[in-house]
Amino acid sequence: MSRSSSKASRGGASVAPRPPRRPSAPPVATPFAGQLARLTAVTPGEHRIVSCYLKLEPRDRSRGKYLIKLKNRMRDAVDALPRLNLTRAIEEAARRDLGRVTDFLRVAENLPATQGVAVFACEAIGLFESVALPVVYRSRLAVDATPLVKELASLEDEFGRIITVVLDRTGARFFEVTAFEARELPGLHSPNTRGSRFRGDEDGPGWGEHNYNNRIREEKQRHFEAVARQLFALDRGQPAHGIILGASGPDVKTVEPFLHTYLAERLMGTFKLTPRQATPAVVHAATLEVREQWERATEKHLVAEVTEAFGSGWALNGVRETLRALARGQVRALLVHSDASFPGFRCSESGRLAVLERDSRGEGEPVPVLDVIDEAIEDALRQHVDVNVVYDPEAREQVDGLAALLRFR
């Protein structure tokens, strides 16, 4: 399966056309493990918990766009509370919790420096938790009997472990990048001939310069081979989800042919940076940006794949059809229109999500939910389905709310 390629918007980053594999790796303890444990253990009884995920990428923070989207979602949630058939006291408590979350997020000082945040609130049990997140699928809001924590629980596994190397023609610095940090690994330095230009003509006209340039070229080749070997060794020790390369000039492209095929097909992209400029914080930010661009390229590829596989029955496009397939465990990859929102129901006996009340016949009482799209993301993560929220304007218009690539028909 190939990926579409695209150029990043800043810093000369570029995105590789091929997808990395998803090898298994040892689990990494998340910084919010304690909060996740508390949220998983809450027992609200008859009360409801407000779960809010908010994207805080630079484009979301620009001119307060995140706040506009938040207010719109909160307004829709408040208007929809009556259809949840809650008692008056519980509905009023949920309304207050929605207000508390809004008041908290509208204060700039409460926002983390990360690209996402999750807030959970239930005044009846004294719950109010704010969790800084490096990435968020999309802004989501739910009022439910349990907190929507699957995105928290699966974040590290979904992001994976990325090896980022920043190099020049004589040295290379390696970093292990997770969703939360970049940790520097042992680096590499290769001996080189000093100087950037040939001076003198010791062996006759042209021959001295020719030999000098050949020596420089051979040194660079040996260095890039050593970088590729080091990457391969790091990956064999603990498989990486992706590889990202950084350099100040053309070397970032020159090293690609030296990569083992197993690594080359997991190359996510490149960016411009010198080894001297590389700090863990800078490398982490650059890696997140390249990964984000890779995700956008991936979206286009998956939408094209859905279109191609639709006629053969290996893909679905539409909320009702996709929800049915998700309940049957058929879905291999879930595609979500970034702005889609549909009220619906969860069948009390089967647990299946449905858009229409009549779709739950024979599966228990239809329990209203505010948005089946947000709930579908949670269900997909619970099944370890590959979730892809489509933001590219042209690509997302081809997704009818939800779409899916299937494991079986």
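**Entry 1. Helices α3 and α4**

I began with a helix pair and noted that Tyr66, Leu70, Met74, Ala77 and Val78 in α3 meet Arg95, Leu98, Val101, Thr102 and Leu105 in α4. I took contact to mean heavy atoms within 4.5 Å. By class, I recorded eight nonpolar, one polar and one charged residues in the contact of α3 with α4. In this scheme Ala, Val, Leu, Ile, Met, Phe, Trp, Tyr, Cys and Pro count as nonpolar, Asp, Glu, Lys and Arg as charged, and the others, Gly among them, as polar.

I then looked up the geometry: the axes of helix α3 (residues 65-80) and helix α4 (residues 88-105) come within 11 Å and cross at roughly 175°. That crossing makes α3 roughly antiparallel to α4. Angles under 35 degrees count as roughly parallel, over 145 as roughly antiparallel, 65 to 115 as roughly perpendicular and the rest as oblique. Axes are lines fitted to C-alpha atoms, for helices over the stretch in contact, and angles run from 0 to 180 degrees between N-to-C directions.

**Entry 2. The model as a whole**

I note that this is a predicted model, in which local features need pLDDT of at least 70 and side-chain atom pairs count only at pLDDT 80 or more, while totals for chains, interfaces and linings use all residues. Residues are numbered from 1 along each chain as its sequence is written, and side-chain values use heavy atoms, with hydrogens and water left out.

I found 12 helices and 17 strands in the protein. Helices (H or I, at least four residues) and strands (E, at least two) are DSSP runs, numbered from the N terminus. Of the 409 residues in the protein, 52% are buried. Buried means under 20% relative accessible area, exposed over 50%, and partly exposed in between (1.4 Å probe, protein chains only). Among contacts between residues at least 6 apart in sequence, I recorded that 72% join residues at least 24 apart.

**Entry 3. Strand β6**

I looked up burial in strand β6 (residues 162-167): six of its six residues are buried, so β6 is largely enclosed by the rest of the structure. In a regular strand the side chains alternate between the two faces of the sheet. In β6, Ile162, Thr164 and Val166 point one way and Ile163, Val165 and Leu167 the other way, and all are buried.

I next checked the partners of β6. Two strands pair if DSSP finds at least two bridges between them. With strand β7 (residues 171-177), β6 pairs in the antiparallel sense over six bridges, and a hairpin of three residues joins β6 to β7. Thr164 stands opposite Phe175 in β7. With strand β9 (residues 242-247), β6 pairs in the parallel sense over five bridges, and Val166 stands opposite Gly246 in β9.

**Entry 4**

I traced an open sheet of four strands in the order β11-β17-β12-β16, with mixed pairing. β11 (315-317) and β16 (386-390) stand at the edges, each with a single partner strand, so one side of each has no neighbour in the sheet. Neighbouring strands of this sheet are turned by 15° against each other on average, direction ignored. β11 and strand β17 (residues 402-406) pair in the antiparallel sense over three bridges, and Ala403 in β17 is the bridge partner of Asn317.

I saw that α10 packs on this sheet, touching β11, β12 (331-337) and β17, and that the direction of α10 makes about 45° with that of β17. α11 lies across β12, β16 and β17, running at about 155° to β12.

I also compared the two helices: the axes of α10 (residues 319-327) and α11 (residues 372-382) come within 11 Å and cross at roughly 25°. This makes α10 roughly parallel to α11. Val319, Leu323 and Leu326 of α10 and Val372, Ile373, Ala376, Asp379 and Ala380 of α11 make the contact. I sorted these residues into seven nonpolar, no polar and one charged.

I found an open sheet of three strands in the order β14-β13-β15, with antiparallel pairing. Two bridges join strand β13 (residues 344-347) to β14, and Arg346 stands opposite Leu353 in β14.

I finally located Glu363 in the loop between β14 and β15. At 19% relative accessibility, Glu363 counts as buried. Not counting residues up to four places away in sequence, Glu363 touches Cys347, Ser348, Glu349, Ser350 and Arg352.
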